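Here are my notes on the model, written as numbered points. Have the structure open while you read.

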Amino acid sequence: MPVQAKSVDIGEVLTQKSRRKDLFSAVLPFCGLLLTVLVLSIATKGLLLSPMNLVNIINQCFNTAIVGVGAAFVFAHGGMDFSVGASCGVAQLACIAVVTQLRLPLWVGFLAAVMVGVACSMVVGMGSHALHLQPFIVSLCVRSACTGILVVGCNALGKNIRVPLDVFGIFNNNIVKTIVLVALVAFSWYLFEKTSLGKEEKAIGGNRVTAVQSGILLGRNVFLSSLILGICVGIAACFQMSRSGTVSASSGNGLEFNIMIALALGGFPMAGGSAARIRSMIIGVLTITFLTNGLTLVGLDSEYVSLVKGLLFVVIVAVSYDRSNLKQVNFV
Amino acid sequence: MKKKPILRAMQVNKNFGPTRALVDVDFLLYRGEVHGLIGENGSGKSTFSSIIAGVQSADSGSFELNGEPYLPRNMVDAQNRGVGMIVQEQGTIGSIDVASNIFTGRLEEFSKFGFVNMKQITARAQQILNDIGAGDIDASAPTMSLNFEDRKIVEMARVMVADPDILIVDETTTALAMKGRKILFDLIKRFRASDKAVIFISHDLGELMNVCDRVTVLRDGRVIDTLSGSDITEDSMRRLMVGREFEDHYFRSDFVCSYDEEVVLDAQHITYGSFTNLSLQLHKGEILGICGLSDCGMHELGKVLFGIEKSLTGRVVLPQDGTQVKNPHIAVKKGMGYLSKDRDRESIILNASILDNVELPSMRLLSNAVGYISAKSERRLAQEQIDVLKIKCRGPKQRLTELSGGNKQKVVFSKWLGCDSDILILDCATRGIDVGVKAAIYRLLEQIKKKGKSVILISEELPEMIGMSDRMLVMKDGKITAEFRRSEDLSEEDIIRYMI
């Protein structure tokens, strides 16, 4: 039957077409990263990929990567936390206060930083969950509160608080950093892609009602994701203050925005769901770090770097935002 | 009388990704005719009608309307040329009033210097509602306050605003109870009498037989045959749709009311929404039917039994170990499963794969002590379910957005079969699903019953109730008004008496 034969052929062609489309959207962020690196390498005459600058890059992407993988759990279930930069600052303040003012050992300071991080992300996560508020709004409030605490705290302790690098040396060791980074990313990847925790977070992001009706506990998942994010913020705080050498009112500033751009550049779905991948987060973080670093190397002022990042964010979101969720128009 | 064609379609083709939705479809619609369009889910009937209504465009082929080339750019264009459609899905906006819904997109006609004359709109809307026999709906009421059926009637009124020559009704009756159906059928009759035309899409073969002058059968995107007059019988339609003879029984073959004495689910004096102080018991191996009009409270009852909504009084208990079903988490853990009436919004994740959906309630069983789920075990689970339920797909990784309604419904079943649920609460399990999948679901329910599992079947379709359940509870205004046991003599009339 010739008709039958023809239709089978077309079906096969179209199947391949749709596979190609899936592949395309998976590969696109990779290409973005490669293109960024390529263009900026040429623009900086190879300076971008020099060994010294690569160490810089690793240092610069360290914080965004650590907080990013933590944030992935929150974004996966459709949550969001815009307060991570400010809470990272307060965590640094807590850590330095414990170590220099209370003269307690470093590990207590570390614990204090983690606790502040967890407390902030919990207020955002569990607060919005319990009060049925938009997590974005709650996180803005927390961000504002944290900024205030940071300013007041820094003023009380003397504007730019110097971090005693002899005590914090361990957080400035490149080997320690690499081990922590690799271990955290690997562990997050395992949790996110291979365990029921990650799968449940993504299910909630895909369809909250369905997830609940399938027996998934919303509160438990919001709690765990906030916990993971908080711990990551605490860890990042200790490393960041040790690198910059001071804690000030601008500590942690801009971290949340870098994470948002990393999400967009890496192809991580903003509303969460089954397409969320740790891989996307990492690619995004690398791209944004190369971009920031490269543009600075080219000689662009930091204000202009911010401008470029902002424009890029709008363009990427406009081009790549998955609108298929909007198609199921919610009339109720 | 020589019949005049009003709409002609020639060699229409349409593809969705890898799916060939329409293949060289020819179609002829005469004036004064009600033309049925039937086929299994995914056969292309909704696609075809939505192309006529301007919702989407064909890949190739042509249309003629009243002898002139017809190629609607969008739905409004189609409406202006006299083609109106009442769609399958909920299409009203809840947050605005009824009149604004009826005149959506036409508000400019009533506005001066940017101010909209709401009084005039409300009056016109009420006039239209009265005209179609739905005068009891208040045009100034917020749409949210209406029930599902009345909102559907508002959509009918909206289509009538443009005074169309061709009315397309796409599986609307599944959402309608008696009142809505009467209004719809009166409307259809009026179209026929005034020499206009209706394209009527439905899964209800009895209904099609009663209303249609001709019926075109689609299968896999192709026109199989067009029946007319006395050739339109339930048997002939079913045969053409599925492409093979049906076994002689469609519902359960036995007429014995059979179940164990053991109670597996016990609802005691529960109260929620429209029902108060309601008690019922489900037995091991029983199919318990709950039927009534759509606003009788049976849908809320299903949700309370599964712990989605909290009962204000009393409790829902699993007698084996005394567990109280307080939330869906406990329900699922204790082997219960729930299929929502609103499948796409509540029972599946559209944008995820079959695998992601099937494993939703099973993750607890698949994972080890630290929560690890091996890729192999989840794939095996999904593939098993695809094989058992014969889900038409490319594989476990295919997204649900690409599946037809019937196959999506199968995915919901596979969710609960995959975790071996003992109690299934099914709210309108066969709503908007073609006969092929329907029959498959009925066979499945028989098997589930044979294995000693229990089912609560909530449905508005009485043949299904009578055909499948061991015991039937009839609900009206939040109360159980009658209980019937399975018997051969039970008729729909017996039940309807207690429903209205």
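1. A quick definition before the sheet: two strands pair if DSSP finds at least two bridges between them. Please also keep in mind that this is a predicted model. With that, chain B has an open sheet of four strands in the order β14-β13-β16-β17, and the pairing is antiparallel. β14 (275–283) and β17 of chain B sit at the edges with a single partner strand each, so one side of each has no neighbour in the sheet.

2. Helix α9 of chain B (residues 298–305) packs on this sheet, where it touches β13, β14 and β16 of chain B. The helix direction makes about 120 degrees with that of β13(B).

3. Now the pairings one by one. β13(B) and β14(B) are joined by six bridges in the antiparallel sense, and B:Tyr272 has B:Phe275 in β14(B) as its bridge partner. On to the next pair: β13 (residues 263–272) and β16 of chain B are also antiparallel, over three bridges. Here B:Gln268 stands opposite B:Arg315 of β16(B).

4. β16(B) runs antiparallel to β17(B) (residues 323–324), with two bridges between them. One bridge partner to look for is B:Gln324 in β17(B), which goes with B:Val317.

5. Along β16 of chain B (residues 315–318), B:Val316 and B:Leu318 point to one face and are buried.

6. Over to chain A and a helix pair. Helix α4(A) (residues 106–131) and helix α5(A) (residues 135–157) pack at an angle of about 150 degrees, and their axes are 9 Å apart. Angles over 145 degrees count as roughly antiparallel, and α4(A) and α5(A) are therefore roughly antiparallel to each other. The crossing of α4(A) past α5(A) is right-handed.

7. What meets what between these helices? From α4(A) come A:Cys120, A:Val123, A:Val124, A:Gly125, A:Gly127 and A:Ser128, and they meet A:Pro135, A:Val138, A:Ser139, A:Val142 and A:Cys146 of α5(A). By type, the residues of this contact are seven nonpolar, four polar and no charged.

Key: Residues are numbered from 1 along each chain as its sequence is written. Chains are lettered from A and ligands numbered from 1 in the order in which they are written. This is a predicted model: local features need pLDDT of at least 70, side-chain atom pairs count only at pLDDT 80 or more; totals for chains, interfaces and linings use all residues. A residue is buried if 20 or more other C-beta atoms lie within 10 Å of its own, exposed if 12 or fewer, and partly exposed in between; C-beta atoms are placed from the backbone. Two residues are in contact if their C-beta atoms, placed from the backbone, lie within 7 Å. Axes are lines fitted to C-alpha atoms, for helices over the stretch in contact, and angles run from 0 to 180 degrees between N-to-C directions. Angles under 35 degrees count as roughly parallel, over 145 as roughly antiparallel, 65 to 115 as roughly perpendicular and the rest as oblique. A crossing is left-handed if the near helix is turned anticlockwise from the far one by less than a right angle, and right-handed if clockwise. Ala, Val, Leu, Ile, Met, Phe, Trp, Tyr, Cys and Pro count as nonpolar, Asp, Glu, Lys and Arg as charged, and the others, Gly among them, as polar.
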